[in-house]
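Dear colleague,

I am handing over the structure we spoke about, and I would be glad if you could look through it alongside the notes in this message.

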Amino acid sequence: MLEAELHDLSDDADYAASQQQGSASLIRNDSRRSSSSEPDGAEVVYLKDNVTIHPTQYTSERISGRLKLIKQGSSLFMTWIPYKGHNSNARLSERDRNLYTIRAVPFTDVRSIRRHTPPLGWQYIIVVLSSGLAFPPLYFYNGGVKEFLATIKQHFFLVRSAEDANVFLVNDFQDRLQRTLSSLELPRAVAVANGLSSSVSGSESLSIENQEKTEGVAFDGSASHIQQNGRRKPKVQDPARDLSIQVLEKFSLVTRFARETTSHIFRESHNDSHGANQRRTHNETPHDYPSNDTSKDVEKVPDEIPVASDPLEFEKLTLVWGKPRQAPLGSEEWLAFFDSEGRITNSESLRKRIFYGGVDYRLRKEVWPFLLGYHAYDSTYAERKYLVSVKKSEYEAVKNQWQSISSEQSKRFTKFRERKGLIEKDVVRTDRSLSFYNGDDNPNVNLLRDILLTYSFYNFDLGYCQGMSDLLSPMLFIMRDESESFWCFVALMERLGPNFNRDQNGMHSQLFALCKLVELLDNPLHNYFKQNDCLNYFFCFRWVLIQFKREFEFERTMRLWEVLWTHYLSEHLHLYVCVAVLKKYRRKIMGEQMDFDTLLKFINELSGQIDLDATLRDAEALCICAGENGVACIPPGTPPSLSIEDGVLYPQQDDVL
């Protein structure tokens with residue numbers, strides 16, 4: 001983002017009013033500072049009590065603590081320390097408090113701050129780090145968000161995003177060149193221009209952490225948040241958020257020559273290198289997989305490089321806990337699950353059966369609506385028939401909203417034109433290798449476009465983002481009905497929609513959880529990623545965003561999805577699938593000393609080479625092995641999860657006969 005696209009906060013009346021409040025806050029906090037034992041040279045410039053994190057979806061369960069901004073030298077740090085023994089609910093343990101503790105985070109590691117000020121409810125902020133991960137929301141029950149932002153403004157370079165008035169971009173660059181380079185998110189280029197690394201010195205960070213211990217909070221190394229590196233994530237503002245897949249994929253075709261050449265250029269001015277990136281065109285055939293040439297055996301490891309052993313003895317673990325895959329659910333079995341009125345009598349047994357075998361392709365049109373929550377398991381034939389009729393009329397009503405827009409209206413409706421243009425570009429390059437979508441003027445491609453445009457009006461806040469066409473394509477392929485495909489897609493987006501949110505908090509929480517799971521299940525691999533600046537897990541971004549759609553051929557993708565939708569062992573089984581694949585190739589990754597760019601290229605080139613059945617068996621074993629510790633690694637509300645308690649998206653009407 002160029003400097004011209006940003007505007008300073010000083011022209012904002014809301015912010016201007018907070019400047020005085022921020023100053024008043026500093027005066028009120030002077031007495032507190034004098035009594036606290038701060039390290040030499042450190043000054044508390046902002047302090048707010050009763051700032052709260054909610055570790056679960058229940059408002060009654062919360063962890064309150066003290067939020068501080070600490071100035072030491074030219075560096076600014078943020079800490080949030082939970083009160084000891086002040087949890088509002090007995091079910092929240094000391095481990096919960098330590099897990100969410102925010103240690104001294106330098107603002108050089110902060111990318112942005114999102115402010116939420118709902119008309120009803122409490123204000124909260126989400127702090128997004130440069131790596132792309134985010135801390136849980138911090139709730140200000142007694143106000144103080146304005147003062148918090150005002151204080152940061154006084155000590156750091158803070159600008160409001162032109163794309164979203166509630167997003168504040170953070171960096172410490174003061175001249176025009178550095179601001180421009182920073183807004184383009186080329187951190188290594190900024191470092192070269194600035195002549196120094198943006199990271200704070202170890203001594204400053206250590207002194208701040210020592211100060212935290214005076215709050216009376218015990219810290220656990222395993223409970224602290226993951227260390228962040230200096231890499232920037234793909235932009236989260238429009239329109240870059242719609243290009244998130246392309247941003248990741250453009251790394252995948254970087255040649256060794258380009259990486260080494262660019263690394264050499266940067267190394268002359270800076271000891272660290274960022275590598276060169278080359279955009280990968282998005283209209284490649286989705287199933288143009290690399291060949292399985294045995295001469296390119298991905299398991300071959302150089303003998304001279306020692307690799308830390310797997311602490312879980314992965315192969316033995318799978319043999320003990322990973323059950324063999326079964327044949328797909330057939331017609332006779334499927335009918336046996338129904339009673340005389342069409343209710344499914346044992347939904348758990350059905351989900352378990354599908355988990356281990358998937359569904360026969362001829363039954364998917366009937367089974368998928370249940371797995372997605374479009375149809376309730378206890379609904380009758382008559383209720384489902386009525387629901388389909390009602391939802392068809394509702395779909396046509398929403399579709400008519402954009403179809404009725406005249407050309408004159410369209411000229412004055414920028415958001416509609418932008419979304420329509422993005423959708424039309426994407427649908428013509430989605431799964432075109434399939435005969436169902438192949439050929440010019442294919443009516444099914446037009447249906448993809450119509451459904452996505454209708455969804456952008458149905459969920460106008462979310463709209464359309466690149467990757468949604470990948471998720472819709474199998475729906476239309478299976479359902480062969482426009483309205484039914486739409487409502488199944490809506491049901492899926494109730495789970496995966498947070499993947500496409502503007503602040504990408506859904507992606508952040510999943511990548512954070514993935515990091516914690518790898519740390520739990522393969523600590524040597526976790527340490528390797530940490531040493532090689534790979535803890536942001538962006539190399540798994542595409543896996544998570546579109547649920548491995550590009551990693552398997554079309555039929556295998558549908559088999560994987562229906563297994564994930566069962567939520568049989570875990571609603572986050574896709575994260576264990578990620579861990580399983582990483583552990584499968586850990587010797588390759590660690591043995592060849594892959595850095596971030598090489599690892600990203602390697603991961604993308606696994607497309608078409610992953611054994612789905614073996615991977616599902618491995619993921620099952622890992623999920624069982626992790627147990628409650630694995631559940632604790634995943635923050636509450638992490639996608640994919642249904643926001644409706646009973647898991648049914650559309651409750652059935654009581655007056656249906």
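Below are some notes on one group of strands and on several salt bridges.

Please keep in mind throughout that this is a predicted model.

I began with strand β3 (residues 63-72), which has nine of its 10 residues buried and is therefore largely enclosed by the rest of the structure. On one side of the pairing, strand β2 (residues 42-53) joins β3 in the antiparallel sense over nine bridges, with V51 standing opposite G65 of β3. Strand β4 (residues 75-82) also runs antiparallel to β3, the two being joined by eight bridges, and here K68 has T79 of β4 as its bridge partner. Two residues lie between the strands in the hairpin of β3 and β4, where G73 adopts a positive phi near 65 degrees.

Turning to charged side chains, a search of the whole structure gives 28 salt bridges. One of them links E562 and R364, at 3.0 Å from N to O; because E562 belongs to helix α23 (residues 554-565) and R364 to helix α13 (residues 364-372), this pair ties together parts that are 198 residues apart in sequence. E562 is buried at 0% relative accessible area, and R364 is likewise counted as buried at 0%. Both residues take part in a network of salt bridges that also includes E555 and R559.

Within helix α14 (residues 381-403), E394 and K391 are three residues apart, or about one helical turn, and their side chains form a salt bridge of 2.9 Å, N to O. Here E394 is partly exposed at 30%, whereas K391 is buried at 7%.

With best regards

Note on methods:
Residues are numbered from 1 along each chain as its sequence is written. This is a predicted model: local features need pLDDT of at least 70, side-chain atom pairs count only at pLDDT 80 or more; totals for chains, interfaces and linings use all residues. Side-chain values use heavy atoms; hydrogens and water are left out. Buried means under 20% relative accessible area, exposed over 50%, partly exposed in between (1.4 Å probe, protein chains only). Helices (H or I, at least four residues) and strands (E, at least two) are DSSP runs, numbered from the N terminus. Two strands pair if DSSP finds at least two bridges between them. A salt bridge is a side-chain nitrogen of Lys or Arg within 4 Å of a carboxyl oxygen of Asp or Glu.
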